[in-house]
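Subject: Structure handover

Hello,

Here is the structure you were going to take over. My notes on it follow below.

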Amino acid sequence: MRKKSRPSPRITRKQGLDLLRNADLLGIGMMADDVRKKLHPAGKVSFIIDRNINYTNVCINKCTFCAFYREKDDPEAYVLSRRNLFHKIRETIEQGGTQILIQGGLHPDLDLAYYVDLLKAIKNRFNIHVHGFSPPEICYMADGAGLTLKKTIQVLMEAGLDSIPGGGAEILSDRVREQISPKKIGTTRWLNVMEEAHKLGMKTTATMMFGSIEGLEDIIEHLEAIRRLQDRTNGFTAFIPWSFQPGNTELGEKSEAAGKDKKKFDINPATAVDYLRVLALSRVYLDNVPNIQASWVTQGLKMAQVALRFGANDFGSTMLEENVVAAAGVKYRVSIQDILHAISSAGFKPVQRDMYYNGINEKFTIPDIK
Ligand code: SF4
């Protein structure tokens, strides 16, 4: 699906910052659209049919921006039973799904053996791609087992892990991470997990959550870190920028409570314009990352459609289930038909893909939604 030419010349950090600060919205959008056209000249927009499965919501990290986690003794705390998990996977396959995205909190009672058993149990029963366990989970497993990151990833791969999602990146700037998620792994470890996975031949994605307390420089720092690692490994299949959803989060509440005196929790929730600007810059800056995903989960279907002219070439997942963003009170529900219609009415041909962005189905009847 992707043409291998790289847009040139590569923009510098300084130029990136200048674009974020000063470029007019349509100008930066047109730049990103040009890059998208060069990399994906066939006018196709991909999506994947899959389901987000969160095996537990118990987490010791307690990130201030997270509305999903619960304490172990909270009445809403859970660890998904195998029966329930298998039911969800069966349903996904019945609906044409080819992948599950499985991730969860850092549960103090779950060790590496639990994850190995879980992966083997899934792979013994189902022919499905397992995109699972973001870098904070991998580090937690490695630390608990006293193993290196490389060995931990090898063990998980042997048990059936196919690829790693880019969750837990938020902003790859330790200045920001120390404030919004002080217990979470830092920038270097997040990058180390991805580098080790790439060296082992495993593909991963990269994400960025913006619109909390970061500045524009932090966004550039994040993009630069991803671009540098990708230059070395070429292991990222896609980049997914999405905006912080403050509802039901400690960070959102603290910022609101601090009112005019807010300093530490001075959040700047991203507007639609901010989203498009950051998305477009991501497309232009990450000249070595083949795919940029629109986030209908946080932006809604209509904004995701607009995103296709601001650098995005992928609509992400159909998300037959999503819990993390929903916990923050943002619940955009769409069907596969909605996605097909949104892509085609924006002037593109929808293509169902796998995690590696190989097209697996283009023959759809496009619904006429009024
Ligand atoms: S964002 Fe992830 S690591 Fe942080 S509290 Fe939520 S589940 Fe835990």
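A residue counts as buried under 20% relative accessible area, as exposed over 50%, and as partly exposed in between. K62 has a relative accessibility of 30%, so K62 is partly exposed. Please keep in mind throughout that this is a predicted model.

K62 sits in the loop between β2 (50–53) and α3. Its phi is positive, about 50 degrees, although K62 is not a glycine. Most residues other than glycine have a negative phi, which is the reason for listing such cases here. N234 is another non-glycine residue with a positive phi, about 55 degrees. N234 belongs to the loop between α9 (216–233) and β6. With a relative accessible area of 46%, N234 is partly exposed, because that value falls between the two cut-offs.

Ligand surroundings

K62 also takes part in the shell around the ligand, together with C59, N61, C63, F65, C66, Y69, G105 and K184. Sorted by class, that shell has five nonpolar, two polar and two charged residues.

Helix packing

Which helices does α4 pack with, and at what angles? One partner is α3: the axes of α3 (residues 82–94) and α4 (residues 112–125) come within 11 Å and cross at roughly 45 degrees. This crossing angle makes α3 oblique to α4, and the crossing is right-handed. On the α3 side the contact involves R82, L85, F86 and I89, and these meet Y114, D117, L118, A121, I122 and R125 of α4. By class, the contact of α3 with α4 has seven nonpolar, no polar and three charged residues. Residues three or four places apart in an α-helix point the same way, because there are 3.6 residues a turn.

Another partner is α6 (residues 149–159), which packs with α4 at an angle of about 25 degrees, the axes being 8 Å apart. Angles under 35 degrees count as roughly parallel, and α4 and α6 are therefore roughly parallel to each other. From α4, the residues in this contact are L112, Y115, V116, L119, K120 and K123; from α6, they are T152, V155, L156 and A159. The contact of α4 with α6 has seven nonpolar, one polar and two charged residues.

Against what do the buried residues of α5 pack? They pack against α4, α6 and α8 (187–199). In α5 (residues 135–145), the buried residues are P135, P136, E137, I138, C139, M141 and A142. After α5 comes G146, with a positive phi near 70 degrees.

Strand β6 and A238

Is A238 buried or exposed? A238 has a relative accessible area of 0%, so A238 is buried. This residue lies in strand β6 (residues 236–243). Leaving out residues up to four places away in sequence, A238 touches T204, T205, A206, V289, N291 and Y357. The C-alpha atoms of A238 and P165 are separated by 9.8 Å, and the two residues are 73 residues apart along the chain.

Regards

Notes
Residues are numbered from 1 along each chain as its sequence is written. This is a predicted model: local features need pLDDT of at least 70, side-chain atom pairs count only at pLDDT 80 or more; totals for chains, interfaces and linings use all residues. Side-chain values use heavy atoms; hydrogens and water are left out. Helices (H or I, at least four residues) and strands (E, at least two) are DSSP runs, numbered from the N terminus. Buried means under 20% relative accessible area, exposed over 50%, partly exposed in between (1.4 Å probe, protein chains only). Contact means heavy atoms within 4.5 Å. A residue is near a molecule or strand if one of its heavy atoms lies within 4 Å of it. Ala, Val, Leu, Ile, Met, Phe, Trp, Tyr, Cys and Pro count as nonpolar, Asp, Glu, Lys and Arg as charged, and the others, Gly among them, as polar. Axes are lines fitted to C-alpha atoms, for helices over the stretch in contact, and angles run from 0 to 180 degrees between N-to-C directions. Angles under 35 degrees count as roughly parallel, over 145 as roughly antiparallel, 65 to 115 as roughly perpendicular and the rest as oblique. A crossing is left-handed if the near helix is turned anticlockwise from the far one by less than a right angle, and right-handed if clockwise.
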